[in-house]
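Thanks for coming, everyone. Please take a look at the structure on the screen, and then we'll walk through it.

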Amino acid sequence: MKTISFIGGGRITRILLQAFNNAKVTFNGITVFDINGSTLASLKAKFPQIQTATNIEDTTKAELVVLAVHPPVVLETLEKIKSKFSADTVFLSLTPKFTIQKLEAILGLPNIARMNPSASTIVNKGVNPVSFSASFDNSKKQLLLNLANTMGYIPQVDDAKIEAYAVITAMGHTYFNFQLQKLKELAVSFGMDEAEAAKAITNMLWGTTETLFNTGLPFNEVNDLVPVKPLAEVEETIKGYYDQYLTGIYNKIKP
């Protein structure tokens, strides 16, 4: 796919453009539409290779069209352009709540996919699940997967699972960022330098997931490998927050 356009120039578009830059992925044309001129100017300053557009129809001629707007404005956005696409257009939505079935009903296109990128795509380590319409052309699917694979881990999933991935992986960074930052600050206060602390925590996390998920040991045995548990008294409270807030947001965004 040599041409790509983005409907929406916000956070996730910036993340994907950075991932492409990191991986040295090039296009013959990149067009970004947004109603906010300052957003476009900021994006153009960071990625001078893009073309910015204030007319949404300028996005419809690309081989790959990426929808990157919030759910409340999806319908009004697509109503403006739904008759402007070619039957060969590959349409990739990054928006929750709007299933492939809903998008097919609006657009009438055969090649529709959904993806839910995560923030770590900005360093090409994203967890970016993708689902495809039943009518999606196989050769186009492979081209899209080849492109997506430059951004990180790309599981192909049933469309009904996209919102679950949104809560667990796309939002997942926010469950740990503040904790990891605090661990680094404490490590520095205990005598480590910042680089040393960051490396130690990174490797600890890698080892934690490997031990928990890949040893075959049940959770209780894995948990018992470390005899001292400084946060044991608040674990149930923290788990309660996970149940309350993550279930709440999932119920809010699911179709």
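**A surface patch, a helix pair and a salt bridge**

Phe176, Leu231, Val234, Ile238, Tyr241, Tyr242 and Tyr245 form a nonpolar patch on the surface. Together they have about 680 Å² of accessible area, by the Shrake-Rupley method with a 1.4 Å probe, where for residues only the protein chains shown count as cover. Patch residues have over 30% relative accessible area and no salt bridge, with nonpolar side chains (Val, Leu, Ile, Met, Phe, Trp, Tyr) joined within 5 Å and like charges within 9 Å.

This is a predicted model: local features need pLDDT of at least 70, side-chain atom pairs pLDDT 80 or more, while totals for chains, interfaces and linings use all residues. Numbering starts from 1 along each chain as its sequence is written, and side-chain values use heavy atoms, without hydrogens and water.

Which helix gives the most to the patch? Helix 10, residues 235–253, with 4 residues. Tyr245 sits in helix 10. Helices are DSSP runs (H or I, at least four residues), strands likewise (E, at least two), numbered from the N terminus.

Now the salt bridges: a Lys or Arg side-chain nitrogen within 4 Å of an Asp or Glu carboxyl oxygen. The count is 7. In one, Lys84 meets Glu57 at 3.9 Å, N to O. Both lie in loops, so the pair ties together parts 27 residues apart in sequence.
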